[in-house]
Amino acid sequence: MDSIINTIGRRKASVARIYMSNGSGNIVVNGKDYKVYFPQAAIQFNLEDPLKLADAEGQYDIKVNVKGGGFKGQSEATRLAIARALVKISEDNRKPLKEKKYLTRDSRVVERKKYGKPKARKSFQFSKR
């Protein structure tokens with residue numbers, strides 16, 4: 001791979017656009033190192049795991065632009081984008097990533113609030129008398 005690979009990942013309200021190129025394993029999210037942007041270890045794991053599965057740790061520099069949602073949705077959107085980029089690089093990466101469901105767009109989003117209710121499905125307390 002000599003050029004930059006560009007992929008997109010989405011989760012909940014988050015959209016992550018990544019630019020992957022040959023390098024030394026730097027992951028930059030919105031201009032900051034990913035360990036600064038995502039301080040929680042479990043969230044950092046989301047970004048590292050697809051690279052571990054594909055034996056690509058330390059081989060690629062990844063620049064991430066992510067917006068919308070919270071840190072969990074952002075990290076999972078980034079994970080999907082990284083997995084898609086690894087499959088673009090080599091089809092051999094598809095099987096291990098697909099087994100871990102990293103190539104599946106998780107379509108669960110927040111249900112909209114309905115009128116006459118305090119939340120999407122919750123009702124106000126019912127009083128018979």
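Let me start at the hairpin of strand 1 and strand 2, where two residues sit between the strands and K12 takes a positive phi near 50°. Keep in mind that this is a predicted model.

Which residue of strand 2 is the bridge partner of N6? That partner is Y19.

Next, the helices. Two packed helices are described by the angle between their axes and the distance between the axes. For helix 2, residues 41-53, and helix 3, residues 71-89, the angle is about 5° and the axes are 9 Å apart. An angle under 35 degrees counts as roughly parallel, so helix 2 is roughly parallel to helix 3. On the helix 2 side, the contact is made by I43, N46, L47, P50 and L51. Helix 3 brings F71, K72, S75, E76, T78, R79, I82 and L86. By class, that contact has seven nonpolar, three polar and three charged residues.

In soluble globular proteins, nonpolar side chains tend to be buried together. Here the largest nonpolar core has 27 residues, and M20 and L86 have the most contacts inside it. At least two residues of this core come from each of strand 2, strand 3 (27-29), helix 2, strand 5 (60-67) and helix 3. Which element supplies the largest share? Helix 3 does, with seven residues.

Key. Residues numbered from 1 in each chain as written. Predicted model: local features only at pLDDT ≥ 70, side-chain atom pairs only at ≥ 80, totals over all residues. Heavy atoms only, no water. Axes fitted to C-alpha atoms, helices over the stretch in contact; angles between N-to-C directions. Helix = DSSP H or I, 4+ residues; strand = E, 2+ residues; numbered from the N terminus. Parallel < 35°, antiparallel > 145°, perpendicular 65-115°, else oblique. Contact = heavy atoms within 4.5 Å. Nonpolar A, V, L, I, M, F, W, Y, C, P; charged D, E, K, R; others polar. Pairing = 2+ DSSP bridges. Core = buried A, V, L, I, M, F, W, Y, C linked by side-chain atoms within 4.5 Å. Buried < 20%, exposed > 50% of the residue type's maximum accessible area, 1.4 Å probe, protein only.
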